[in-house]
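Please open the model in your viewer and keep the sequence panel beside it, so that each selection can be made by residue number. The tour goes from one stop to the next, and at each stop you are told what to select and what is there.

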Amino acid sequence: MNKGKRIAALLIAFAMLFTGILSNAPSAEAAKKKVKIKSVSVASSLSGNKKTVYVAKGKKVKLATTVKATPNKKANKKVSYKSKNSKIASVSASGVIKGIKPGSTKITVTSKSNKKKKAAITVKVMKAPVTKVTLKQKKATLEKGAKLSLKATVKAKKGAVKTVGWKSSNPKAATVSSKGVVSAVGAGTATITAQAIDGSNKKASCKVTVNDSVSLTGMKILNSNMISFSLNKAFSLSAGQISVHAKSYVNGAYRGNVKISALSTNDQRNYRLSLHDNIYTGSYIRLSIPALQGNKILECQYLDPVCAYTDDVVRTGWVGDEFSDDFSFGSQEMGYSQYAINRLPAGLTATPHKSYLEISGTPTQPGVTQAVFTAVDELGNTMTKNIYFAIGSDTVMAGAAAPRYIVSTDAGATYVSPSIVGGSGSYRCQILADPKNSGAHIDGDGDIAIYPKTPGDYTVTVRATDTQNPARFCNFQAVFHVAQGISVSGYIKDAQGNPMEDAYVRFINKNLANRYAYSGGLYTNEKGIYTATLIPGTYDVKISYGDSTESIAGFADNYIENQAMTASRSGYDFTLPLYKVSLISGNTDASLNRTWYINNKRAGYGSTLYLRPGTYTLTSDITNSGGNTHEAWNGSWFSGMTLTRTYSDVRLSAAVRVINTAVQASVVSTPTGQSTTETYRYPAAKDSDYTMDCDGTKYSLPEESVYDTDGDWYADADAYTARVIQITETADYILESYSGYVQLYDQQGAVIEPSSEAEEQKTYASLPAGTYYVGTGSYSTYDTDICMWNASNAEY
């Protein structure tokens, strides 16, 4: 092939190759279609706010722009920025905003790959910049799982934004929320920075070191007798390893030692402490556990939620008499309060003091004045009391009754006590009107009673009449607010499921402002059952057995929070970690119904106790029951007798070992080597003040009390004495009784023998006139009816 042909062939081959390359390469348009922009978002890089970025005049803030694109390449994420009003704020190609003058505008961010995908953010240019940011805490050590709240102090002139943004240098060790709450998430060190968000570059930081050892991470005061706390990991604790202290003032010292009665946990991470002593609302509480390797101390203040309380009271006074009474917020008050009252009866004035409002003066006009007393304490709790001042005079009566708020599940009676003043001071009440036919009446105690058939408001009109002057009276109303309640019942059981008698359950309504709120407690009956009547709502429930201020061995409790009670229910049962201990008599016949102690602390009462697992010695007080007794009588029934008893003192005890099951324990009696002597004086029949007539009237033999030498009543004995009868003429007389033991005695106590005797009658022939005594000659008798008459009187 010559040279020209070779060149031509090469040209043809090159052309074919180039054509193939072109045919296989994608077009620019096709490449552009494969880039997909999902979204564009923008926020302040300092605050993270996606709606508004703040920048001080003359300062700069960079925008944080996020573009979600497919493929996820940097070239596909390019954007452009545009300010709606560059005279207020400008923006660079890299998203840096500069504040030009105070005002507001918008910055629009547009994807260069897809101009339909864009985002906008409002820019507010502030007049002045922040001048300083400080943190009180420069460094801190936390245990994993713990939290720390940091607070930034920002200084700036008027017209600045004082918000700061929060950042962590090491989120694997500690994170921080937008409110400055630091969470320790892992071992390590992190610098937490609070920076002004206006571009002033003012900032402050706190170095946080996180340890991963056993540590206190949280505590909560559940109520005045219970604290819960948590650890960052499981760790076994006993009550003896924990201390609780209290103080009243934030700058005060923890002088109050709060005793612990019990500690419980299900997982060794979350614990509950039962306290011997009450802690008071407003107190500062410190929990210390020296045995922990990490954070050993936590503190918090015990506060109830801010609440608006209400109350109704009645006060009475007389025209012309000095009146003085004090009105305060009440036990719910926190710190000092401001007091006010809207009106007062004529003649009375109000004087505010530090902790109460004094109402004093001399009333000048009779009548009923309804006043509204208000108080606001330091925490914002409020108290509103409706005070009904009933003022009476010698000639004018006034009456009032405070409204009642009742929760009911049936048609049982409910009562209110009226307050009446004026006139003679002696009154008789009657119902004038009962529009709802509630069965309103005045009971034997003078209270106004109704039987509400359905929930609702019941108004009863009452008239009080002066018993010394029926023309003088006053009318007033008694109002009953009856709400439909629900019935909640169940068992309280021991650790083996046995019902517990005398266990305690208390429902604490979380809505303290509810006038119908029930926060009382009740005990289980002999079958271990309780029944509570509640207003529907949310309750905390406290269950306990025994006395937390006494033996811990015989005490247990539980506290369940935020229980919704919306309808009646049964089977709402609880279990306490105690076991049944049945006491049986060993070598003693003494009663086991007595108080039992463990280490001089009360453990329970009676022959059935409930104890925690452990080994104990139960003891009773020293008693003479079950010991030897010596009795000596002196004197006579007619002249009076003394009984001297000498007891051998003993102490009852029982050895008890409780190992997760019910047990029996034998009670034994041990002499103390001491004795007790008691002397009782029995009455003399000759000194009887009881008389009888000789006319056939039936009488019972009188029974008088017995007293010891100290004048104290002897509850275990009463004594039958005699009746005195006067015989006015000598004649034959008949004495009748159901017992042959009844005799006739002369004034020296000698028995007068009857001349004849038949069945239940004794005949005394020619009995001389004089004073005689009728009795049995014994302090013990079963005879009840006696009578005596002249035998010549055939009527008898």
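**A pair of strands**

Begin by selecting lysine 139, whose bridge partner in strand S17 is lysine 207. The model is a predicted one, in which local features need pLDDT of at least 70 and side-chain atom pairs count only at pLDDT 80 or more, while totals for chains, interfaces and linings use all residues. Residues are numbered from 1 along each chain as its sequence is written, and side-chain values use heavy atoms, with hydrogens and water left out. Strands (E, at least two residues) are DSSP runs, numbered from the N terminus.

Now extend the selection to residues 203–211, which make up S17, and you will find that S17 pairs with S10 in the parallel sense over 5 bridges; two strands are said to pair if DSSP finds at least two bridges between them. Strands of a sheet pair through backbone hydrogen bonds, either parallel or antiparallel.

**The whole sheet**

Next, show the 4 strands of this open sheet, which run in the order S10-S17-S16-S13 with mixed pairing. Strand S10 (139–143) and strand S13 (164–168) stand at the edges, and because each has a single partner strand, one side of each is left without a neighbour in the sheet. From one strand to the next the twist averages 25°, an angle between N-to-C directions, on a scale from 0 to 180 degrees, of lines fitted to C-alpha atoms.

**Backbone features in loops**

Most residues other than glycine have a negative phi, and most peptide bonds are trans. With that in mind, select asparagine 201 in the loop between strand S16 (188–196) and S17, where this residue, although not a glycine, has a positive phi of about 65°.

Go on to aspartate 502, in the loop between strand S42 (486–493) and strand S43 (504–509), which is also not a glycine and has a positive phi of about 65°. Is aspartate 502 buried or partly exposed? Aspartate 502 is partly exposed, with a relative accessible area of 45% (buried means under 20%, exposed over 50%, and partly exposed in between, with a 1.4 Å probe and protein chains only).

Then select threonine 70 and proline 71, where the peptide bond from one to the other is cis, with omega near -5°. Proline 71 belongs to the loop between strand S3 (60–70) and strand S4 (79–83).

**A last stop**

Finally, select leucine 303, which lies in the loop between strand S25 (297–301) and strand S26 (308–318) and is partly exposed, with a relative accessible area of 39%.
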